[in-house]
Amino acid sequence: MNKLSNLSVLALVAIVAAGPVLAATPKFVNGAPGTAISVDDFASQLGSFNAKDVTDLLGAKSVTVYNYNTAWTTKSGKAVDLLTEDAQSIGLLREALNKNPAAVKLLTENKIKVDQVVDIIDVGGNVQLYIQ
């Protein structure tokens, strides 16, 4: 009986230690056209690179994927200009994603290439992922 108890304790310790490994992968859903945050709010987010974006993606509860061409119904011209204006911060984000094997794997599993990613915005654990 004592051996069984020791095995149970070891099994419990192994499960607790593996907790982060057993964490659920965030569910990816497509955002409806025209439902993204405002272009102005997006522009302020996109203007600067934040390495925490990669961590936010990996720890997300859910990920809403917005196609950059259909995310906005108003000011869409301004949104297109942002790709050129903020190319440097987009490049830094892609570089950070490429350096993180877990992020590359998560994106690949959801049929997204790193070079499609434009921005990652965390909204309380629910991430908005903008792709080209």
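The structure is a predicted model, in which local features need pLDDT of at least 70 and side-chain atom pairs count only at pLDDT 80 or more, while totals for chains, interfaces and linings use all residues. Residues are numbered from 1 along each chain as its sequence is written, and side-chain values use heavy atoms, with hydrogens and water left out.

**Cavity**
- There is one cavity of 30 Å³ or more, a cavity being a set of points on a 1 Å grid over the protein atoms alone where a 1.4 Å probe fits but cannot get out.
- The largest cavity holds about 50 Å³, its volume being the space filled by probe spheres set on the points, which are joined across faces, edges and corners.
- Residues lining the largest cavity (an atom within 4 Å of a point) include Gln45, Leu46, Phe49, Asp53, Leu93 and Asp119.
- Two or more lining residues come from each of α2, α5 (87–98) and β3 (117–123); helices (H or I, at least four residues) and strands (E, at least two) are DSSP runs, numbered from the N terminus.
- Helix α5 gives the largest share of this lining, three residues.

**Helix α2**
- Val39, Phe42, Ala43 and Leu46 of α2 (residues 39–46) are buried, meaning under 20% relative accessible area with a 1.4 Å probe, protein chains only.
- Seen down the axis of α2, the buried residues fall within an arc of 105 degrees (taken from the directions from the helix axis to the C-beta atoms), so they line one face of the helix.

**Asp53**
- Asp53 belongs to helix α3 (residues 52–58).
- Beyond its neighbours within four places in sequence, Asp53 is in contact (heavy atoms within 4.5 Å) with Leu93, Asp119 and Ile120.

Methods. Buried < 20%, exposed > 50% of the residue type's maximum accessible area, 1.4 Å probe, protein only. 1 Å grid on protein atoms, 1.4 Å probe; cavity = no way out; pocket = protein on both sides within 12 Å on 5 of 7 lines; lining within 4 Å.
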